[in-house]
Amino acid sequence: VFQGRILARRLMGQETRYEVEVKKPYRHRFPLVSREYVWVPSTCGCPPLREGGEYLLMARQHVNYERTLNRILLQEDGYARPWTPREDRLLREAARHC
């Protein structure tokens with residue numbers, strides 16, 4: 001789970017790649033750097049992420065069977081909400097309990 005700002009969107013084959021500036025990681029099981037590519041396995045625009053927008057994203061690490069591909073995957077039904085200060089407050093409160 002992290003807060004990120006969408007810098008660019010690019011269709012690549014049957015997938016969409018977003019370049020994301022990682023603003024604040026909340027909870028992560030793999031290391032994040034200040035800029036990441038987040039992949040969506042479709043080109044339909046679901047979830048709808050607009051360039052310049054800030055979002056709260058819950059993505060997962062995807063490593064293929066051969067271990068030659070390691071990327072951040074946001075599934076079509078994944079969690080992507082516009083970021084608000086309220087979201088930040090709720091996540092900080094939840095972190096105390098988890």
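The legends below walk through a predicted model of one protein chain.

View 1. The protein chain has a mean pLDDT (the predictor's confidence in each residue, from 0 to 100) of 84, and 92% of its residues score at least 70. Strand β1 (residues 2–12) has the highest mean among the elements, 93, while helix α1 (residues 85–97) has the lowest, 75.

**View 2. Strands, then a helix.** Look for 7 strands and 1 helix, in the order β-β-β-β-β-β-β-α from the N terminus. Both kinds of element are DSSP runs numbered from the N terminus: helices are H or I with at least four residues, strands E with at least two.

**View 3. The overall fold.** The C-alpha trace spans about 40 × 30 × 25 Å along its principal axes. The radius of gyration, taken over C-alpha atoms, is 13 Å, which agrees with the value near 13 Å for a compact globule of 98 residues; that rule is 2.2 Å times the number of residues to the power 0.38. Among contacts (heavy atoms within 4.5 Å) between residues at least 6 apart in sequence, 55% join residues at least 24 apart.

**View 4. Inside and outside.** Buried residues (under 20% relative accessible area, 1.4 Å probe, protein chains only) make up 31% of the 98.

**Notes.** Residues are numbered from 1 along each chain as its sequence is written, and side-chain values use heavy atoms, without hydrogens or water. Local features need pLDDT of at least 70 and side-chain atom pairs count only at pLDDT 80 or more, whereas totals for chains, interfaces and linings use all residues.

How values were computed:
Buried < 20%, exposed > 50% of the residue type's maximum accessible area, 1.4 Å probe, protein only.
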